[in-house]
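Biologist: I'd like to learn how to read sheets, cavities and pockets. Can we go through them one at a time?

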Amino acid sequence: MIKKILLLAILSTGVATSIHAQNINKPRLDSLLNVLAAHNKSMGSLAISQNGKIVYQKSIGYAAIDSPATIPASAKTKYRIGSISKMFTGVMVMQLVEEGKLTLETTLDKFYPQVPNAAKINIGMMLSHHSGLHNFTNDPAYMTYMLSPQTHEQMLARIAAMKPDIEPGTKGQYSNTNFVLLSYIIEKVTNIPYADLVKQRVINKIGLKDTYYGVKTNTANNEALSYRYDGKWKKFLETDMSIPTGAGSMVSTPADLDRFIEALFAGKLVKPATLELMKTIKDDYGTAMFMTSFKGRNSYGHGGAIDAYRSELKFFPAQTLAISYTANGGSYDPAKIMDGVLSICFNEPYTIPSFADVKGLDKYVGVYASKQIPIKITITKDGGTLLAQATGQSAFPLDAAKAADTFEFDAAGIVMEFRPDKGEFTLKQGGGQYVFVKEEK
């Protein structure tokens, strides 16, 4: 499930360049992951597979820290994969379409007429995020129940009470609500709980060994807890998995995710014609997947975020290359990690980040206020790390950017441009710019 980290709060033709496992610069991949680990920028696991075989695998950081023991991450470590779960749900919906038990034109009112615009919303719209339904995880109320078990009836009542954002079918807009409803629908159609259904229709069908519907995290079962870093690793809150269901409740390893997407594109889960339909892009959305391009090479897959877990999964059909990175903590955006991995795999120019400790941090330290928004931001330091903390929120680490006196927090898309001579900074996030001035002591 894509869960945004909100600071200001008051989810073409490919170039068929060949790539061979023996040509992947594994020492360079090691260097990238090692520097991320050394500077506490990420904890997680990477798996690269080509032609169905794992050609590179590495884990960094820890699956658990003092909970009650400290457990290093390994190839066996399992992570919550957030919205990559939507691909599993999408596959099962399309299997039911192939079997004639659903159609893409079947409207939502056949199952849940209480949902706004239900008669105008069909299965195809929900699969491609064109329903216009409001994303329930964006509601402030979400934070009040996310840690407690919820029934389908409770979730449906909340969804039915939400005002739609846009008219169905007019444009694409990402919403977890679509896939929660789809998971309920396929349970109704099959009369099988989602956890059993995904096991029957996907996991057992292609022989995944470390993938399943999640419950409360169990480190004894090689499951990673998630953490945030603000000078030291701190355990993050844990969403109850009864809430995201088919939108974000799966647990897996990067190796299993590679196997899953390889099986999907090999025709082992849906028919070739169905896969082509799923790959069709409209307003940037396919059917339970996205298409992205890297230096002219097209890939399909999904990203995921839930609690402090982040994940990326990509498959390049022209190169039969599958890559997945799953993380359980860190401020360095996994999308940037993936870009680095791809650059190395495809021998593109790439500079491994240095994360050198920044000297002279004292000039940034202080409490800052803005006339534009009613929050204050406290800047502190912990050794060589600069930390920021907004009113009522947790502290987060800032990484030095290339520009002088500029720092970033990738996980939330935050950029802070300091002007220490004036005692102020400009905060940039989500297209907004806000000036903060240091308060006098």
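Modeller: One point before we start: this is a predicted model.

Biologist: Sheets, then. In what order do the three strands of the open sheet lie, and is the pairing parallel or antiparallel?

Modeller: The general idea: strands of a sheet pair through backbone hydrogen bonds, either parallel or antiparallel. Here the order is β5-β9-β6, and the pairing is antiparallel. The edges are β5 (79–80) and β6 (212–213), each pairing on one side only.

Biologist: How many bridges join β6 to β9?

Modeller: Two, and the strands run antiparallel; β9 covers residues 250–252. Take Y212: its bridge partner in β9 is V251.

Biologist: Next, the largest cavity. Which residues line it?

Modeller: A cavity is a space where a probe fits but cannot get out. The lining here is K78, Y79, R80, V215, T217, E223, A224, V251 and Y309. So V251, the partner of Y212, also lines this cavity, as defined by atom distance. Its volume is about 50 Å³. By class, five lining residues are nonpolar, one is polar and three are charged.

Biologist: And the second largest pocket: what is its volume, and which residues lie nearest its centre?

Modeller: A pocket, by contrast, is open. This one has a volume of about 760 Å³. Its lining has 31 residues, with P353, S354, F355, D399 and A400 nearest the centre.

Biologist: Which elements give two or more residues to that lining?

Modeller: They are β16 (385–390), β17 (396–400) and β18 (406–409). The largest share, four residues, comes from β17.

Methods: Residues are numbered from 1 along each chain as its sequence is written. This is a predicted model: local features need pLDDT of at least 70, side-chain atom pairs count only at pLDDT 80 or more; totals for chains, interfaces and linings use all residues. Side-chain values use heavy atoms; hydrogens and water are left out. On a 1 Å grid over the protein atoms alone, a cavity is a set of points where a 1.4 Å probe fits but cannot get out, and a pocket is an open set with protein on both sides within 12 Å along at least five of seven lines; lining residues have an atom within 4 Å of a point. Grid points are joined across faces, edges and corners, and a volume is the space filled by probe spheres set on the points. Ala, Val, Leu, Ile, Met, Phe, Trp, Tyr, Cys and Pro count as nonpolar, Asp, Glu, Lys and Arg as charged, and the others, Gly among them, as polar. Two strands pair if DSSP finds at least two bridges between them.
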